[in-house]
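Take a look at the chain below. The report then goes through its parts one by one.

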Amino acid sequence: MSIVRAKKHLGQHFLTDKNIASKIVEALRPQLGYKQVLEVGPGMGILSDFLLQKTEYETYLIDIDTESYEFLGKKYPQLGSRLINADFLELDFAATFNGPLAVIGNFPYNISSQILFKILDNRQQVPEVVGMFQKEVAERCNAKAGSKEYGILSVFLQAYYKVEYLFTVKAGVFNPPPKVLSAVIRMTRNEVQELDCDEKLFWQVVKAGFNQRRKTLRNALSSLINKEKLTDEPMLELRAERLTVSDFVALTNRITETR
């Protein structure tokens, strides 16, 4: 079979190290209760080779790249409709999958944040995610309050998932090699079905706080709060990066009470 060309506009960097591919697949834990796994951006199938050896779950592949789709169709004719030529960001999870599924992949670096927000939108159906990201993005996902990496992505992911930084991956194991280090993380759904606050306002508070992260929250959230009724709220004197997820929940409730 011909080789698929990595396309810059799709952010493709194909993993070539089978040992690393095996480690990524082995990080999945189907004992959590899912019977379906979706690989995003399989390229030429280095992860897929290991996924399709597993009998604990059914593997689905999705790739927007028609060249990859055609290559994988010839390589894995047994997949049939489980090989999907579509944009993951447009995928209807509920219509495509019956029940929970894990998401795995060497994710395209140019849309990695969008992939994570897509997963967040479907969090009730996705108990686990294992993925390769640019190291900087992986560190942001896992960052703790008070660190410079901590931001919007950290708060939103950690509100609903336990995030683990598994290992760092050097550039030389990709074709073409990226100009950055990469890292693999695992996200496991926590027990929070809904946050104990107005979730829509929570998202607004977090975004507004970090969009002006050098300002205190009293100033960054000026359009969301009643300043006269929140004169005694100590969290408003801090910057967004100092607040944990539970702090943001508490602050959202305080704002709701004073509206």
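## The annotated stretch

How much of the chain over residues 20-191 is helix, and how much is strand? Over residues 20-191 the chain is 31% helix and 25% strand. The end C-alpha atoms of this stretch are 30 Å apart. Helices (H or I, at least four residues) and strands (E, at least two) are DSSP runs, numbered from the N terminus. UniProt lists residues 20-191 as "domain: Ribosomal RNA adenine methylase transferase N-terminal", in an unreviewed entry. UniProt positions follow the numbering used here, feature names are shortened, and annotations may be inferred rather than shown by experiment.

This is a predicted model: local features need pLDDT of at least 70, side-chain atom pairs count only at pLDDT 80 or more, and totals for chains, interfaces and linings use all residues. Residues are numbered from 1 along each chain as its sequence is written, and side-chain values use heavy atoms, with hydrogens and water left out.

## The sheet

An open sheet has 7 strands in the order β4-β3-β2-β5-β6-β9-β7, with mixed pairing. β4 (83-84) and β7 (161-169) stand at the edges. Each has a single partner strand, so one side of each is left without a neighbour in the sheet. Two strands pair if DSSP finds at least two bridges between them.

Strands β2 (residues 36-40) and β5 (residues 102-106) run parallel, joined by 3 bridges. In β5, A102 is the bridge partner of V37. Helix α5 (residues 112-121) packs on the sheet and touches β2, β5, β6 (128-134), β7 and β9 (182-189). Contact means heavy atoms within 4.5 Å. The direction of α5 makes about 165° with that of β6. Axes are lines fitted to C-alpha atoms, for helices over the stretch in contact, and angles run from 0 to 180 degrees between N-to-C directions.

## Residue N106

N106 is found in strand β5. N106 is buried (under 20% relative accessible area; exposed is over 50%, partly exposed in between; 1.4 Å probe, protein chains only), with a value of 14%. Its side chain reaches the backbone oxygen of H13 at 2.8 Å. Among the residues that N106 touches are F14, V40, M132 and F174.

## Helix α8

The 13 residues of helix α8 (residues 199-211) should span 18 Å, at 1.5 Å a residue. The end C-alpha atoms are 18 Å apart, which agrees. The expected span is 1.5 Å times one less than the number of residues.

The buried residues of α8 include L201, W203 and F210. Their cover includes α5, α7, α9 (217-220) and α10 (245-257).

Key
A polar contact is a pair of N or O atoms within 3.5 Å; within protein, one must be able to donate a hydrogen and the other to accept it, and residues adjacent in sequence count only if both atoms are side-chain atoms. Lists of a residue's contacts leave out its neighbours within four places in sequence.
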